Amino acid sequence: MSTFLHRLGGWAFRHHVRVIVAWIVLILAGGVAAAALGDGTRDEFTIPGSEAQEAVDALDRTFPELSGVSAYVVVVAPDGSTVDAPASRALIDDTLARLNAVDGVAEASSPFGLSEDVSISADRGAAQIQVRLDGGFEDVTPDLKDDLARATEPLDDAGYTVAVGGDAFSSAGPKLSIVEVIGVIVAFVVLYRMFRSARAAFLAIATAVVGVVVALELTWVATGFFTISSTSPLLALMIGLAVGIDYALFIISRHRELLSEGVEPDEAAARAVATAGSAVVFAGVTVMIALLGLSIAGIPFLAVMGVIGSLAVAVSVLVAVTLLPAVMASAGERLRPKDGERPPGAFSRRWVALTTRFPTLSILAIVVLLAVVAIPAKDLRLALPDNGVEPKGTNARDAYDLIAEEFGPGHNGPLLVTMDVLTSTDPLGVVDAVSADLDALPGVAGIGLATPNRTADTAVIQVIPETGPRDDRTADLVHTIRDRAPQWESEHDVDVAVTGYTAAGIDVSERLSGALLPFAIVVMGLSVLLLMLVFGSLLVPIKATIGFLLSTGAAFGAVVAVFQWGWLGDLVHLDQPGPLISFLPILLMAVLFGLSMDYEVFLMARMKEEYGRSGDAQKAIVDGFVGSSRVVTAAAVIMLAVFAGFVPEGDANIKPIAFALAVGVFADAFLVRMLFAPAVMKFAGDKAWSMPSFLARRLPHIDAEGEALYEKLALESWPRENRDGALTASGLTLETSEGIVYNDVNLILPRGDWLVVHGPDGSGKTALLLTLAGRMAFTAGRLRVAGRLLPHESGAVRKVAALGETRGVNELDGHLGVDQHIAERFAISAFGLWVPRRRVDRVRDRLERALAEAHDEAGLLYPGLDGKRLVSTLSRMERIALGATLALVSEPELLVLDDADDLRSPADQALLWATLRRLLDGTGASLVAGVRSAQAAPPPSPHVHLAELDPRHLLDELMI
């Protein structure tokens, strides 16, 4: 990873104009696509498979009068009057007529009639006018809302208190305010204090903003194809801005550190992207894993939020490793710190020394403190948002409060009990009987609408709870009704279900609560595995997970204390305490887990890097902490600033999420990572960087600390001679759990020469050839193939080193013809389905010509090679030659053949070497072949070199 990022960072630096222009074009194209394809966000909190959702879907078909978007008008008569007084009724009837005349209104229902028990208050002082609208939420325009409000003006002018609310007047979604800009300003100040450079601070902010803009453009384009809630773009903005600035901070900080050491700007940028960039990539992956894990809940809108959030993180990572080195190239030497600018890090050194001096005290203090803060989390209550959380003074909130005051809180969240009465002989009797039972249940304030539909196949009973939609007692009532449903189904032979917005919200909350444990297991399990791969340690990921649980508990406790209990509510401009939005816990866990792993990766990567250099665990803790703590501290302060900016004046649904994230980041960065983590590492010592052998053997190694890069840089000048030759190996060794395969191989092979390795079966010959071809790892030594170092550039080696037919690796298919194999090889290399005939003929002609010339040299006739011949009918010599020809299609610099002497006679062996000589003639490629016996090798030549593998797996030193 580090070597790839080193090349990427260096390329972006050298071609900075091209990279910057590409990102500008991407932004412009994204803006055009968003304007053309975007269709806006929609807040649809559906939960497929739940009882409430299935009942709602059925009502859309059987009872369309109850489906769709609705609104209502609350009318409160002046003191001394009632809504059913003649003057009041005349005004209400006039309002009804005006409402029904509004374009977009399907029907406005009179409050007087069969449903007066629900639509008229007990003291006759207030009335509700129900308004059913055409279309869905996307059809509710600001003009329609204004028309509905204007229709009530006669009542308002007459002194009546009027408010228009309902689903149609629900919040249009979270909106930005000027307060959010404060987070960016604070981030700039922190960056400036960190870098002592306004230019460096600006570059970090600017690149982060680019990532956010691209992510939001892609999100808006996606709204034209998918249903995306209004919370998703704001979540993408919040997370993308925070991680974007942090990732830029880490890379720029390392870049300037390298510049201060005298490294040239291009190499400093490449190394910064390779080392800090590796940590950025893996930190971003952990955040994305956590966000994508939201899909475990099985709720579409939440899964989409996770995808959008992870998209923002992915774009931020891509910006950090491509655009950032490009803009650093534009700044050039101006980013180099001035003399005396770098802080000595004395405070960090004293801090970590104190922490690790009393590790037990540090650990106990953190655990006790965060456990106490987490205590309020036991009272966590969840609900979907409704108009009761809208800001005071809005139409939706005023209508909601009037309903609660005049009719009772339950009228804001009626339940719908649906019954399939198609098989009933007395649908009206069934409705009356079930209505009576419902009315007698504890917690029911009354029964509203109770009637079958026009086709008498579905009946609906409107149940008015005594409590509000976000009250726990309302959820208890829903469960009580569902528990009684089997009894009604048995008595009346009908299917009963409970639905409505309130019931759906309860289902969503319970589904999310049930998904928390599976989510935590899957996401934390994957991230623990990733950290094990990155650090080669078992303790580090376990410690990281425990720290995350501590900081998450503190975040839950703090958000409950403030937003449910009302503590310090004035500081966050809390209108009223109440349940938290249903998806807050799982979203908080996802985002906070990803961010906490960010700090873990950045802190531990530096410690691991220092441990790899010194081998001293205590010194690695101190030096790693000193080298990364300032950057982690600055990153955490930036996160706090960004999240806190969404709290005072933020959307009512986003505010508690941002607050919880801010608390969680503070606890994780400043308490867990700065106190708890170093103390635990002190206890573990050298064992912190070890892993059980059975795991170490099975898990691949991922270089996130730049070990491979430093080794590659150290080997850049090795060897002094033949640096660009075909092969150079020194002390090459492969050892497995079963023993040594080959040992202490030393080779120098100039370009264009041949190397023939001979040895009996079991001597490690095949393994050595696969190693030289970049297909198999080695355990010790140095190896450069065609100028490329292994294992750091194994991918590049595989592109320039081609394998002929090798048993168990790339055997030819005997059921295919010669031409079919050639066409297949072209198709694979070009990712195409069609290959021109002339290209196939050209390759086959080359093979035929080589075979014919080899036979002519041996005094033999060659009948030619029919392209339709099946591979199974070819002689062994022809088959090996065909495999070599296919390998040469990609124009490699090295051709590797195993078992080249697997032929019946010495004459065939001679024919093969002559054919290979002609196939390779003019290509400049070298040949590495394996044979069992030296007698099967090609004739001696200054450019043909032999090397023997003896049965003890020792290769005699070969200097060519």
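## A strand residue to start from

Let's begin with Val496, which has its place in strand β9; helices here are DSSP runs of H or I with at least four residues, strands are runs of E with at least two, and both are numbered from the N terminus. This is a predicted model, in which local features need pLDDT of at least 70 and side-chain atom pairs count only at pLDDT 80 or more, while totals for chains, interfaces and linings use all residues. Residues are numbered from 1 along each chain as its sequence is written, and side-chain values use heavy atoms, with hydrogens and water left out.

Val496 has a relative accessible area of 10% and is therefore buried. The cut-offs are under 20% for buried, over 50% for exposed and in between for partly exposed, with a 1.4 Å probe and protein chains only. From C-alpha to C-alpha, Val496 lies 9.9 Å from Val434, although 62 residues separate the two in sequence.

## The protein as a whole

The protein contains 30 helices and 19 strands. Of its 960 residues, 56% count as buried.

## Two helices side by side

Two packed helices are described by the angle between their axes and the distance between the axes. Helix α10 (residues 231-260) packs against helix α20 (residues 584-614) at an angle of about 5°, and the axes are 12 Å apart. Such axes are lines fitted to C-alpha atoms, for helices over the stretch in contact, and the angles run from 0 to 180 degrees between N-to-C directions. The pair is therefore roughly parallel, a label for angles under 35 degrees; over 145 is roughly antiparallel, 65 to 115 roughly perpendicular and the rest oblique.

On the α10 side, the contact includes Leu235, Ile239, Tyr247 and Phe250, and α20 contributes residues including Leu587, Val591, Tyr599 and Phe602. By class, the contact has 10 nonpolar, no polar and six charged residues. Here Ala, Val, Leu, Ile, Met, Phe, Trp, Tyr, Cys and Pro count as nonpolar, Asp, Glu, Lys and Arg as charged, and the others, Gly among them, as polar.

## Nonpolar cores

In soluble globular proteins, nonpolar side chains tend to be buried together. The largest nonpolar core has 151 residues, and Tyr247, Leu302 and Phe583 have the most contacts inside it. A core is a set of buried Ala, Val, Leu, Ile, Met, Phe, Trp, Tyr and Cys residues joined through side-chain atoms within 4.5 Å. Helix α20 gives the largest share of this core, 19 residues. Apart from it lies another core, of 45 residues, including Val818 and Leu911.

Leu911 also has a C-alpha atom 9.8 Å from that of Asp856, 55 residues away along the chain. Asp856 is found in helix α28 (residues 837-857) and is exposed, at 59% relative accessible area.

## Backbone details worth a look

Most residues other than glycine have a negative phi, and most peptide bonds are trans. Arg124, however, has a positive phi near 60°; it lies in the loop between α5 (116-119) and β3 (126-133) and is partly exposed at 28%. Asp493 has a positive phi near 55°. Its loop runs between α17 (472-492) and β9 (495-499), and its relative accessibility of 53% makes Asp493 exposed.

The peptide bond from Leu790 to Pro791 is cis, with omega near 10°. Pro791 sits in the loop between β15 (788-790) and α26 (794-800).

Definitions and conventions
Contact means heavy atoms within 4.5 Å.
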